[in-house]
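Here is a short report on one protein model. Take a look at the structure, then read on.

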Amino acid sequence: MISIVGAGKVGSAAAFNILRFRISDIVLIDVAGELAEGEALDMMQAAPAIEFDGKVRGTNDFSEMEGSEVTVIVAGAGRKLGMTRPDLARTNRKIVESIVKQVVKYAPECKLMIVTNPVDAMTYVAYKESGFERNRVFGMGNILDTIRFRSYIAAELNVSREDVRALVMGEHGDSMVPLVDYATVSGIPIKDLLEAEQIEKIVNLTKTSGSEVIKLKGATTYAPAVEIAVAVDAVLRGRNRVMSVSTFLQGEYGLSDISIGVPVVLGKNGVERILELELSPEAQRHFVESASIIKAMIDTYGYT
Ligand code: NAI
């Protein structure tokens, strides 16, 4: 069983994906009146068509998360155009801290996946506040950046998205680092298939694609929701997927006391291990810049 805290647009869409992919029973929790209950009821009415006997239960009672293997925190405000990430961090930090207290009380053994933005800073908050081992607290952001990167590579080459493999690391935000050297189409490096200008265009599209959706419809929903389901599946089924998640570093990549997206093996225990890749000088420079942006945000928190 898993819990999702936040039954707004992304949380409820994630719950529906988890139901549709037949991954797990879900407890959906929100503080807003009967929202979670209503969302769960709506989903359960679709369940016979899915041919899955799993259950989604909606509630505003945090004690119902008891026994969760994974808790996903996707509660709080989203970034509006023109809003700075530190502004958003101030609002959402209080929400994340209050939810983590409930998680520690009712589901102290769970893996904790943070989705609330700015996700790297919120993952750091959740790690510090929970006192959990670092492998059990991770943030979902780069997984979404990576599927966007893969989509644009596939579109540029007119090949199946399935055959494109890639990684994005760093901040889930403007300073993210799409790893061009590690992107392949069925093992063929994209540098052998695309011109430098085409790669630059793809990298820029990847970085701006989230903001583009926010500009058009106010928020992103479907892509993050499906990637939450993918990450939950990796943990619950112990699949040891290789993907980037925001992780608390203790010396890896030369960084400490920061949560930032790095490639990991994601499995039963959450972050099973961190993969330290050799980066090109350009990627390394961008990654250091990305880390300094996150660091500036979390240094204002005063955690020790
Ligand atoms: P939304 O506004 O639709 O839903 C947020 C929900 O959180 C609301 O239903 C609200 O009642 C609930 N909530 C607020 N405080 C709460 C508390 N203390 N306990 C339980 N529930 C609480 O927002 P949406 O679009 O679902 O986005 C949620 C968050 O996810 C935002 O911070 C957004 O920026 C982030 N996000 C992160 C992505 C990522 O890749 N990391 C991608 C997309 C969104």
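## The ligand and its surroundings

A polar backbone atom of Ala 77 sits 2.5 Å from an oxygen atom of the ligand. This is a predicted model: local features need pLDDT of at least 70, side-chain atom pairs count only at pLDDT 80 or more, and totals for chains, interfaces and linings use all residues. Residues are numbered from 1 along each chain as its sequence is written, and side-chain values use heavy atoms, with hydrogens and water left out.

Met 140 has a backbone N or O atom 2.8 Å from a nitrogen atom of the ligand. In total, 28 residues surround the ligand (a heavy atom within 4 Å of it). Lys 9, Val 10, Asp 30, Ala 77 and Met 140 are the closest.

## Two domains

The chain is assigned domain 1 (2-141) and domain 2 (142-298). These bounds come from an automatic or database domain assignment. The domain centres, taken over C-alpha atoms, are 22 Å apart.

How many residues of domain 1 are in contact with domain 2? There are 39, and they meet 47 residues of domain 2. Contact here means heavy atoms within 4.5 Å.

## The interface

The size of an interface is often given as the accessible area lost when the parts come together. Between domain 1 and domain 2, about 3500 Å² is buried. That area is what the two parts lose on being put together (1.4 Å probe, summed over both). Carbon and sulfur atoms give 67% of the buried area. Asp 120, Tyr 124 and Arg 134 supply 20% of the area that domain 1 buries against domain 2, more than any other three residues.

Three salt bridges cross the interface of domain 1 and domain 2. Each is a side-chain nitrogen of Lys or Arg within 4 Å of a carboxyl oxygen of Asp or Glu. Arg 134 and Glu 252 also form a salt bridge through their side chains, at 2.8 Å from N to O.

## Two backbone details

Asn 117 and Pro 118 are joined by a cis peptide bond, with omega about -5°. Pro 118 lies in the loop between E5 and H4. Helices (H or I, at least four residues) and strands (E, at least two) are DSSP runs, numbered from the N terminus.

Glu 51 is not a glycine, yet its phi is positive, about 55°. Glu 51 is placed in the loop between helix H2 (35-50) and strand E3 (56-59).

Notes:
Polar contact = N/O pair within 3.5 Å; in protein donor to acceptor, adjacent residues only side chain to side chain.
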